[in-house]
Amino acid sequence: MLSLKQRRSLNTLLMGVLAWGVALAIFFPIFWMLLTSFKTEIDAFATPPQLFFSPTLENYTLVNERSDYLHFAWNSVVVSFGSTIIGMMLAVPAAYSMAFFETKRTKGTLLWMLSTKMLPPVGVLVPIYLLFKDTGLLDTKTGLVIIYTLINLPIMIWMAYTYFKEIPKEVLEAARMDGSTLFQEIWRVLLPMSKGGLAATVLLSLILSWNEAFWSLNLTASEAAPLTALIASYSSPEGLFWAKLSAVSTLACAPILIFGWISQKQLVRGLSFGAVK
Amino acid sequence: MNNNRYLSAVMAVGMTAVASSAMAATKVTIGTVNNGDMVRMQGLSEEFEKLYPHIDLDWVVLEENVLRQRLTTDIATDGGQFDVMTIGMYEAPIWGEKGWLTPMKDLPSDYDMADIFPSVLGGLSSKGTLYALPFYAESSMTFYRKDLFEANGLSMPDQPSWDQMKSFAEQLHKPEEEQYGICLRGKAGWGENMALITTMANAFGARWFDENWKPEFTGPEWENAVSFYVDLLGNYGPPGASSNGFNENLALFNSGKCAMWVDATVAGAFLTDETQSRVADQIGFALAPEQVTSKGSGWLWSWALAVPVSSDAKEAAKTFITWATSRAYSQLVEETYGIANVPPGTRTSTYDNAEYLEAAPFATRTLEAIGNADPNDSTLNPSPYVGVQFAAIPEFQSIATQVGKLISGALAGSMSVDHALKAAQSITLREMTRARYYSN
């Protein structure tokens, strides 16, 4: 019979093993992609898959020779950050209004906004394409920023709303009593109090925009194509391509992985030092 | 005096602006797929731009299915995003007939149209009008391991029958040594398993539609062909064959695990390339297998370059595709990348070159296979459609993808051949009725 202390230790151990297992399972595809990027095409397709092989940098050299990586990376940066900034500028006031001035239709509106995420994008491809064509937005970064903002806005509003709901109304009322304007109330009181949550919202929006492929493949050609379009260009109908595709995928994932890793520290700090406890 | 100076300065700036806009290069955006020949074409862009400094080339390289979806959306909505489109033999006649593509007329006299294979030109035309210029073309053929055949005392005929293929596969299948008798496409898709299965069906005397556009999946020819395919690949193929497409089989063959493989002639270049094949010096080539007929037993496909009518740089685009499909371009590829890398299957002159025949051991068979394929007469009994491994009608893509999933399911063992064919018949009838080929 185990004592309470022993049971707790065992629980902790099991939870730790489970957490590591889940983390490794999630990380494995990325690890395998990285490994494949250093293989030759024939090693990449070997059965059984090879863990040990002679590494080569030829795939990276080839990607560098064939594609203007920086052009695609810059487009990804502009559209991801652009859509996130504009999205936050719209999401914060919307969530503020819904969280602190709730009406009987607020819940319904939130659900309706979220339901737009359930629409298969291909269903609206032709109307959006025609709209973009008529407004000259095809193959422009502005066009992608608009579409990414609209795609991510429901989730950003939902997340911001959830964090704002945690903040007691009285705190904002006190600020108002002290003579704060609406802008000051949001800028100086609300945002600092919810910075951890908002940082998570920003990060999620950035990741979603960075990884988005459907619209970027359909609405861009050569000028505004982001890294997702570059990845797609390495898939081949006739010929082995996995090693090259892994190299270009690694290059495409690297910036956002590094950014996520750096911001994760900020995010945790933001959450730890947040005013809401 | 000062006013005059300002006026002169303004005029000078204005004239410079007008002059530079007149001299500005025309941008030609090319939508293409990522394969060896296309990549080489992209690599030679600078040579073209040196010849035509007023034209700038911009490349959009996409995965084949994404490119198809992207081009279809753009062309159907008159988007004008692409000046040159890489399309296949399936799209060219359909899109041409719809008025989406610029007819390829008035080509330069030195283009030498007579040098291009008539079957390839025919496949890219509709009602006698050519809508795309062929960049490269392929048929299908049988690849086999000469060393294994020799070791087992077997001999591959110039054109084997499917029955012979089964007998060879039976003798060469040694799964315990990871050596499989035959590798064939099993992955579902109109351009994947259905390309091979349609040519097999042609050889077994089947056809997609009768003269009244009625499908014939429940007939004995389809039943024989698909049962044979499932039995052959299921018993003598690699494990998980239902998810193998061109690239998976290429990797298996290159690593020495397939004794035979029936697939695109372009595979010859990959299989004989020592940098990626472990059996490069052991490859034999034969025509694609026949059965009750040799008609339609090898497919015909071409990746071609076309200019959509929505392009605002049609002349520049036409200049580019004329260059990229010319004899001069083949010469340039030969000088830059070596003669074995010349785009295959389009020009007679390529095969008249003894050096090419020596450098590409599969070339003679490719030539023979392309010569045998006739998209206008690919079935034993007359059929109303054009195309060997497809029927060039807009509905085919969707129908064949669904039928491909059913046959792939039968191969994986999730349903019987009989069930798959009955479902294929029902789906095809429904789609053709919906498309108003006939009423119920």
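Author: In chain B, 12 residues of domain 1 are in contact with 13 residues of domain 2, where contact means that the C-beta atoms of two residues, placed from the backbone, lie within 7 Å. On the side of domain 1 of chain B that touches domain 2 of chain B, α5 (91–97), α6 (118–123) and β6 (133–145) of chain B each supply at least two residues. The largest share, three residues, comes from α6(B). Helices (H or I, at least four residues) and strands (E, at least two) are DSSP runs, numbered from the N terminus.

By class, this side of domain 1 of chain B has eight nonpolar, four polar and no charged residues. Here Ala, Val, Leu, Ile, Met, Phe, Trp, Tyr, Cys and Pro count as nonpolar, Asp, Glu, Lys and Arg as charged, and the others, Gly among them, as polar.

This is a predicted model, in which local features need pLDDT of at least 70 and side-chain atom pairs count only at pLDDT 80 or more, while totals for chains, interfaces and linings use all residues. Residues are numbered from 1 along each chain as its sequence is written, and chains are lettered from A and ligands numbered from 1 in the order in which they are written.

As for the two domains themselves, domain 1 of chain B covers 2–137 + 302–359 and domain 2 of chain B covers 138–299 + 368–434, with bounds that come from an automatic or database domain assignment. Their C-alpha centres lie 32 Å apart.
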